[in-house]
Every structure is written in structure tokens, then in C-alpha cells.
Amino acid sequence: MDHHRTPLFTALTNHASRNPVQFHIPGHKKGAGADEQFRNFIGEQAFSIDLINIAPLDDLHQPTGVIAEAQQLAADAFGADYTLFSVQGTSGAIMTMIMSVCAPGDKIIVPRNVHKSIMSAIIFAGAKPVFVSPARDSNLGIDHGITTRSVRRALERHPDAKAVLVINPTYFGICANLKEIVDLAHSYDVPVLVDEAHGVLIHFHEDLPMSAMEAGADMAATSVHKLGGSMTQSSILNVNTKNGLVHMHRVQTIISMLTTTSTSYILLASLDTSRRNLALNGHQIAETAIRLAQGARQAINEIPGLYCFGDDILGGEATHSYDATKLTIHVRHLGITGYEVENWLRDRFNLEVELSDMYNILCLVTPGDSEESVGILLHALQVLSQEHFERNEVQELVVKIPEIPQLSLIPRDAFYGDTEVVPFEQSAGRIIAEFIYVYPPGIPILLPGEVISQENIDYIRDHVEIGLPVKGPEDRYIQYVKVIREEEAIFE
């Protein structure tokens with residue numbers, strides 16, 4: 001296919017150049033009706049292609065023209081049978097994957113350290129999650145993916161599962177042996193869904209981990225906007241129908257149900273043009289990002305008190321390969337937390353990182369980086385080390401988490417159930433009806449439908465008391481929690 005073409009973007013710019021008189025939404029009418037300061041900042045060209053699904057521009061919900069062509073080009077670029085554009089981010093694509101294969105009561109095998117969109121989809125579908133614990137890294141205080149061995153155990157116990165969901169790569173860039181997991185699941189006639197949010201570049205360079213489509217997975221949700229150059233909230237859903245385990249018409253129906261009818265053509269155009277750039281130049285731009293990141297990795301490991309893993313992390317079942325463009329910088333030996341480092345870098349160097357936890361910060365090196373930007377990061381880290389190394393007490397690395405609680409109700413029944421609010425300290429033995437996530441290490445501690453244990457309560461309170469972020473519940477201070485209402489027995 002001719003990847004120099006951008007059918008959707010070209011149609012948009014051609015339509016705008018004709019300067020038609022518009023009597024349709026959006027009401028800003030090429031920016032004329034927008035706030036002047038915002039219009040001047042964004043620019044008239046952006047407003048000129050902020051259009052809707054009029055006939056010349058096709059319709060994302062039932063594409064037959066330029067959007068269909070753009071999606072076909074994307075499928076070719078990403079090695080998929082079909083590719084669907086998402087203007088609901090990768091969250092919308094993930095929800096589509098799960099809801100395409102799961103009906104109420106169906107089981108789905110998922111890692112415990114899942115993105116909240118996965119649990120949202122499980123609630124919407126009425127599915128029952130079968131949780132698999134990710135491999136924990138006791139040296140770094142982070143979690144990797146699920147292993148072939150753990151997936152095998154889950155499939156042996158639950159051969160009726162409707163899907164296996166895998167995170168590949170993880171947020172920190174680590175991959176288990178995805179091909180092995182896919183082949184195992186397919187031997188049970190179970191489809192594999194891949195959260196590939198952080199893996200768009202892996203499609204375009206042999207030194208990066210294997211992509212979901214290359215591994216033979218059935219569906220993969222990929223964030224083009226995270227690392228591939230498109231605009232925020234624009235992602236793709238890659239579909240492989242060769243195995244006969246997913247049905248394209250069903251997938252299209254579900255993604256349409258989850259997608260706004262006021263689709264952003266600016267986001268769609270950015271997907272179309274990013275595909276062109278990746279298809280034509282992906283290997284080169286990935287090569288540059290890898291080179292910059294590897295150079296930074298080497299320099300970081302020469303800074304006292306800092307450590308950034310590389311090839312040395314490989315060799316375990318959960319660490320089959322890694323994405324070198326992710327710089328996970330372990331800061332514990334400076335005697336400060338990753339949260340403190342994030343704030344220090346912001347305040348001192350106007351530098352923002354991707355995330356921080358108790359022991360690490362994560363920096364992403366992308367095609368948008370240069371020697372200059374990486375140099376600023378390295379200089380900041382050198383100053384950080386000079387100010388903190390061997391000046392603070394180094395805390396022992398402790399990563400503990402309670403066992404996965406008993407699932408008493410499927411998450412949807414708990415989420416929509418008859419609930420009441422009780423003091424969290426007195427909630428042991430009750431069924432929770434909301435989420436509680438604690439960071440670090442980023443694994444949900446309690447999900448709707450699980451039975452709260454005293455161990456859960458103590459673990460969460462310990463984290464709240466030392467000021468670590470707790471997310472999920474309506475009461476952000478975790479004084480109270482929403483649980484399933486218990487009815488008293490009626491005696492005649």
C-alpha cells in the first residue's frame with residue numbers, strides 16, 4: 001500500500017480550502033464564533049478542519065470512504081487484519097476489546113495491576129475477573145507482567161474463560177514472552193487481548209519487544225498519542241481475525257456504541273498522518289529514540305545514587321524483553337522518594353516526568369526528544385545526586401501487598417448494588433462496592449465485589465498516614481467506604 005497517502009487528512013484540507021459556507025455544527029464556524037484569545041492561540045487552520053461527518057468526510061461509525069481507507073492503511077502499517085480508530089483514547093479501545101468477547105457472567109483472565117478502563121469494561125460487561133498476580137521486582141519495588149506459567153495455571157482452573165488479557169509492554173517497558181502466552185491461550189481456543197497502550201513504537205523496530213499483532217494476539221489497544229506522534233486521546237484498535245476467535249462486525253458494533261457521534265476530525269487526522277510518519281520513518285525515528293535512551297541510561301548509571309535498568313534485567317520469565325526508550329530511574333539510594341524527586345525536578349528545572357512512586361521515576365524518550373532535551377534531564381539528575389547522595393538515610397525497600405481478596409460478587413453487581421456507607425475502620429468482612437488503589441505499587445487493593453479484610457484495612461491506613469496517594473473511593477480521605485447493604489433476617 002502507498003503509505004505516502006493520507007486519505008482523511010487530505011480530504012479535510014481539500015474541503016477546508018474550498019471554504020464552504022457552513023450551516024452545520026460545530027457552531028464556531030471555522031473559528032469565527034470562538035473566543036478570540038483561544039482562536040488566536042490555536043490558529044485558524046486548526047478550526048478549519050474541526051468538522052463533522054458530512055458526506056465528503058466519511059463517518060467513523062460506518063466508514064466507507066476516506067476513513068475506511070485511512071484505517072486500511074493503518075492495518076497494513078501495524079500488521080493487523082483490521083484497524084479501528086479511537087477518539088475515546090486507548091481506554092475506549094480496551095473497553096471495546098473486553099465487551100466484544102465477554103457477556104454477563106463470563107470469566108476473563110486479567111493481571112491484578114490493570115488499568116482502570118479494564119475494570120470499567122468488566123463492570124459494563126458484567127464479566128467475572130479471574131485475577132493473576134503480576135511478577136514483583138523486589139529490587140526496584142515495581143511490578144512486571146504476568147508469566148506463561150501463571151496464565152497456564154489460570155487456564156487449567158478456568159478453561160471456560162472467554163479471554164486472557166495481557167499488558168505488553170508494562171508501563172515500565174517490561175514484557176514477558178507474549179508469543180508463548182498467545183500460543184498457550186489459543187491451545188484452549190481462548191482469545192488474547194493486549195493492552196499495548198505503551199507500545200506503539202515496538203511495531204517498527206527489531207530491537208524493541210514483539211508487538212501483539214506479530215505475536216498472533218487477537219486484539220490490541222495501542223496508544224498512538226503516547227509515543228507515536230498523534231494528538232492526545234487518539235488511539236487505535238488492531239484486530240487479528242485469522243484465529244477465528246473474534247468477530248469483526250461485533251467489534252465494530254461495540255466500538256461504535258462507546259464512541260461519541262461528534263467525532264473529532266482533528267484527532268482522526270492526527271492518526272492518519274502519524275500512521276504515514278510511522279510507516280515511512282518508524283524504524284529511523286525508533287532507532288533515534290533508542291540511541292538517545294541508551295546513551296542516557298549509561299550516563300544515569302554513572303551518577304552516584306541512581307540506577308536505570310537495561311539488559312541486566314532480562315532473563316526471568318516475566319522479563320523476556322524490554323523497551324529501551326523507557327527510563328525507569330531508581331532513586332532510593334539518594335534517601336528520598338520518587339515523589340520527592342518528581343517535585344524537585346519540577347521546582348528546580350521545570351522538568352516533568354511521566355510518573356513517580358516510592359522508589360522510582362519514569363522518563364519517556366520519544367521521537368520528539370533530542371540530545372538537548374536528554375542533556376537537560378541528565379544535568380538535572382547530576383545536580384539531584386550532588387545535593388542528596390550520602391546526605392540522607394537510605395530507607396529499606398519494602399514492597400508488600402495483601403493477598404488478592406475473595407471475590408464474593410461480580411464487580412457489576414457490587415457496583416450497581418444496594419449500598420451503604422460505613423466507617424472504613426469497621427468494614428472488615430463487608431463487600432466493597434467501589435475501588436481502592438494504592439500507589440505504590442499501583443495494584444488495586446480492593447475492587448467492587450471483594451470482601452474487605454483487616455489486613456486490607458491496615459495496609460491502606462498505613463499508606464494514607466504516610467501521605468501516599470490513595471485513589472478510587474468517593475471519600476478521598478478513606479474515613480468511610482461504600483459497601484453492600486446487609487439486610488437483617490425477618491422472623492415471624
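Asp189 is exposed, with a relative accessible area of 59%. Here, exposed means over 50% relative accessible area, buried means under 20%, and partly exposed is in between, using a 1.4 Å probe and protein chains only. This is a predicted model, where local features need pLDDT of at least 70 and side-chain atom pairs count only at pLDDT 80 or more, while totals for chains, interfaces and linings use all residues. Residues are numbered from 1 along each chain as its sequence is written, and side-chain values use heavy atoms, with hydrogens and water left out.

**Around Asp189**

Let's stay with Asp189 for a moment. You'll find Asp189 in the loop between helix H8 (178-187) and strand S8 (192-196). Helices (H or I, at least four residues) and strands (E, at least two) are DSSP runs, numbered from the N terminus. Just after H8, Asp189 takes a positive phi of about 60°.

H8 itself has buried residues: Leu178, Ile181, Val182, Leu184, Ala185 and His186. What covers them? The cover includes helix H7 (148-157), S6, S8 and helix H9 (212-215).

**The whole chain**

Now zoom out. The chain has 16 helices and 20 strands. Its C-alpha atoms fill a box of roughly 75 × 70 × 50 Å, taken along the principal axes. How does the radius of gyration fit a compact globule? With 492 residues, such a globule would have a radius of gyration near 23 Å, and the chain has 24 Å, which agrees. That radius is taken over C-alpha atoms, and the globule rule is 2.2 Å times the number of residues to the power 0.38.

Buried residues make up 56% of the 492 residues in the chain. As for contacts (heavy atoms within 4.5 Å), take those in the chain with a separation of 6 or more: residues 24 or more positions apart account for 72% of them.

**Two helix pairs**

Two packed helices are described by the angle between their axes and the distance between the axes. Axes are lines fitted to C-alpha atoms, for helices over the stretch in contact, and angles run from 0 to 180 degrees between N-to-C directions.

Start with helix H1 (residues 7-17) and helix H4 (residues 66-78), which pack at an angle of about 145°, with their axes 7 Å apart. On the H1 side, the contact is made by Pro7, Leu8 and Ala11, and on the H4 side by Val66, Ile67, Glu69, Ala70 and Leu73. Sorted by class, that contact has seven nonpolar, no polar and one charged residues. The classes work like this: Ala, Val, Leu, Ile, Met, Phe, Trp, Tyr, Cys and Pro count as nonpolar, Asp, Glu, Lys and Arg as charged, and the others, Gly among them, as polar.

The other pair is helix H5 (residues 89-101) and helix H11 (residues 248-257), whose axes come within 9 Å and cross at roughly 130°. H5 and H11 are therefore oblique to each other. Angles under 35 degrees count as roughly parallel, over 145 as roughly antiparallel, 65 to 115 as roughly perpendicular and the rest as oblique. Thr96, Met99 and Ser100 of H5 meet Arg250, Val251, Ile254 and Ile255 of H11 in this contact. By class, it has four nonpolar, two polar and one charged residues.

Leu8, found in helix H1, is buried, with a relative accessible area of 0%. Not counting residues up to four places away in sequence, Leu8 touches Leu57, Val66, Ile67, Ala70, Tyr265, Leu268, Ala269 and Asp272.

Gln22 sits in the loop between H1 and helix H2 (36-42). Is Gln22 buried or exposed? Gln22 is buried, with a relative accessible area of 8%. Leaving aside neighbours within four places in sequence, Gln22 is in contact with Lys29, Lys30 and Leu51. Gln22 and Leu51 are 29 residues apart in sequence and 9.9 Å apart in space, C-alpha to C-alpha.

Asn19, in the loop between H1 and H2, has a positive phi of about 50° although it is not a glycine.

| Cis peptide bond | Omega |
|---|---|
| Ile25 to Pro26 | near 0° |
| Asn168 to Pro169 | near -5° |

Pro26 has its place in the loop between H1 and H2. Pro169 lies in the loop between strand S6 (164-167) and strand S7 (174-175).
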